[in-house]
Amino acid sequence: MTARKLSNVVKLCLTYLALLAAFLFAVIPVAWIVMSSFRVGNSLYSTSLLPKHWTLQHYASLFLDPRYPFFRWTANTLKVSAMTSSATVILATMCGYVFSRFRFWGRRYGLMTFLIIQMFPGSMSMVAIYVLLNLVGLLDTHVGLALVYVGGGVPFTTWLLKGYLDSIDKSLDEAALVDGATRGQIFWRITLPLARPILASVALFSFIGPFNDYLLSRIVITTAEKNTIAVGLHAFIAGNYDQRWTQFAAGSVLVSIPILLVFFLLEKHFISGLTAGATKA
Amino acid sequence: MSRGGRLKRGAITSLSVLCMGLGQFVTGEYVKGTLFAAVHVLLLVFVVPLLRHSWWGLITLGTEAGRDHSTFLLVQGLLGLIVTVLLGLLYIGNIKDAHTQAKRFLEGKRADSFLQSLKRFWISGEAYLWLSPGTLLVLFVAVLPVFFGMSLAFTSYDLYHSPPANLVRWVGLQNFSDLFGIKSWRGTMFSVLKWNIVWAVVSTITAFAFGFGIALLLNQKNLRFRTFFRTAFILPWAMPSFISALVWTGLLNTSFGVVNQVLGSFGLQPIPWLSNVMWARVALIIVNIWMGFPFQMVLCLGVLQSIPQDLYEAARVDGATDAQTFWHLTLPSVLYSVAPLLVLQLGGNFNNFGLIYLLTGGGPTVFGNRGAGGTDLLISWMYKLTFNLHKFNYAAAVGLMIFIPVALISIHNLRQTRSFKEG
């Protein structure tokens, strides 16, 4: 074996070692929570990763324990998600299409406003949202929560859609226009079908959003039984004495599985979306 | 057009300034004119009194404690302001319309029938029609709260001046001069700011460096299990972040946490991860690497694969060492592509409320600090000022100060992007 080959082998071995270390770093926290959900007891503490005694009791209790109505939380979140997702897609499509295809006074200002608005961290306007929802009687309602999500999501989604629609060749529109199609027909028959991939991603992501949000939900919803899943799960471990880590783990696993599925299914789509917006002209 | 014609045109236009629709009516557009006039009357009778009350509320924030609710008045005032602007636009549109109609009229053309003007309106106004639902929602749910938050920075709204029992006052720049002038507040603000800047820079760089390193490792030729590793590394990113943060609070727990347990098995003392300021900061950086590196890795992998192979070939032929290739080819290429996103990340991390709030809660407590713990960022300090200390006014002032640099960076950054330039 030549020296060069030997050094290559050594390099490869070191690579695997480093990757293995990184692998453990990345995966152990996730594995730990998964394993905890099968472990007897309440504590996150254990001397080994794999449980000594396996149990499904924590999963069962999620559905049976009336103090922690996991099922109810899920239903609440699904409801908020459905409202958020459909409204975001419809409103953002309208806005994105107009910004991409129409030329009108105020277009640039509108785009700039949407841009600046989505840069405000949501946590900055929490007080105002609270007062505002209180004023119109939507505090502690799912509609109110969904409205806040939609209002926060539309500007960014509009930009995303505008970018995507810009990339669809406008000569298609023009050709159809020459053939006598109306604007409406062009939108429904040509643009919308071509934009289906991005619409699907946007719909899914705004659907997932409420599952992932803790803060706004915590502020808007004040009645325990109206809680969404994130706030509900936190309740398992929020107490000072009665921390139910294993139940929290079981709930987390159930919530994470669909989110992970969506993430890995759509990974390619939105990674290219995330990077495309940022590449220099 | 003759001088007299211009005068006549001006006269017709000013009729519509006096009352919406009057000019249109004179030029023979009876239906439209009547509709506009009806709108004008309705506005005068029903909307203007409401608006006047809202303006009064915005200016005075109420005059009688117990009767007037200052924050509600402020919100109503801002709502009224938005409505006023929208109505103003409608009014200007009406005048403009009268102006064009007057010209057609004086040129002796027949006035449009109502159907025709509807059609005309549809062509020029279609964009606004489609935009309005989304824009209105954003206006009320996102823009209004921001304006509200900004306004609070110039009021006296705190625990002792909170409605309905007490009135809130406009105080100008008082809050800013307090924050900068009173020693304890200034001290807290600058110590929080210092950590905030360190945090933003260090957390962004470490997550990027880690992700970039992994990407380099994964990008080697003749590496096996690449897909397997890549998928595993994306896992932390894909996990719902609030769950990740909460799981880490458990893992880092001083007495029962797994991390200390592992350290203990190597004979090390337990580390007070979340109860010592320095260690809490270290913990935050580590957890942030865990959450943030997958995104950087994916990004860097993409860039690495897009660097043309013949550049490497050329470098090798020219006798460049591996190190030279890295410093002069790989690193510049990656940085060039990733830089705009890194700046965005920097802005995001600067305001990474979620992680701080769920992992350390801004703690551990630092005595003598005005409500801020050892790991509080400006944004989480602001949250505490609001919800714990009820210093709404100072919180808003801090918020305003946070926003300005972040907005400048983001705008500068986005001006460079393709999406914007094509706009």
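Let's start at one spot where two chains meet: B:Asp322 and A:Lys11 form a salt bridge, with their closest N and O atoms 3.8 Å apart. A salt bridge here is a side-chain nitrogen of Lys or Arg within 4 Å of a carboxyl oxygen of Asp or Glu. Between chain B and chain A, the count is one salt bridge. Before going on, note that this is a predicted model, in which local features need pLDDT of at least 70 and side-chain atom pairs count only at pLDDT 80 or more, while totals for chains, interfaces and linings use all residues. Residues are numbered from 1 along each chain as its sequence is written, chains are lettered from A and ligands numbered from 1 in the order in which they are written, and side-chain values use heavy atoms, leaving out hydrogens and water.

Now look at the whole interface. The contact (heavy atoms within 4.5 Å) takes 93 residues from chain B and 91 residues from chain A. Together the two chains bury about 8,300 Å², 81% of it on carbon and sulfur atoms; buried area is the accessible area, found with a 1.4 Å probe, that two parts lose on being put together, summed over both. Seven residue pairs, both at pLDDT 80 or more, are in polar contact across this interface. A polar contact is a pair of N or O atoms within 3.5 Å; within protein, one must be able to donate a hydrogen and the other to accept it, and residues adjacent in sequence count only if both atoms are side-chain atoms.

Next, find A:Arg101, in helix α3 (residues 70-101) of chain A; helices are DSSP runs of H or I, at least four residues, numbered from the N terminus. Is this residue buried or exposed? A:Arg101 is buried, because its relative accessible area is 9%, and buried means under 20%, exposed over 50% and partly exposed in between (1.4 Å probe, protein chains only). Its side chain makes a polar contact of 2.9 Å with that of A:Ser100. A polar atom of the A:Arg101 side chain also lies 3.0 Å from the backbone oxygen of A:Leu165.

Finally, turn to the aromatic rings. Over all chains there are 42 aromatic pairs, meaning rings of Phe, Tyr and Trp (its six-membered ring) with centres within 6.5 Å; planes under 30 degrees apart count as stacked, over 60 as edge-to-face and the rest as tilted. A:Trp105 and A:Tyr109 make a tilted pair, 6.3 Å centre to centre with 50° between the planes. Both A:Trp105 and A:Tyr109 are exposed.

Key. Helix = DSSP H or I, 4+ residues; strand = E, 2+ residues; numbered from the N terminus.
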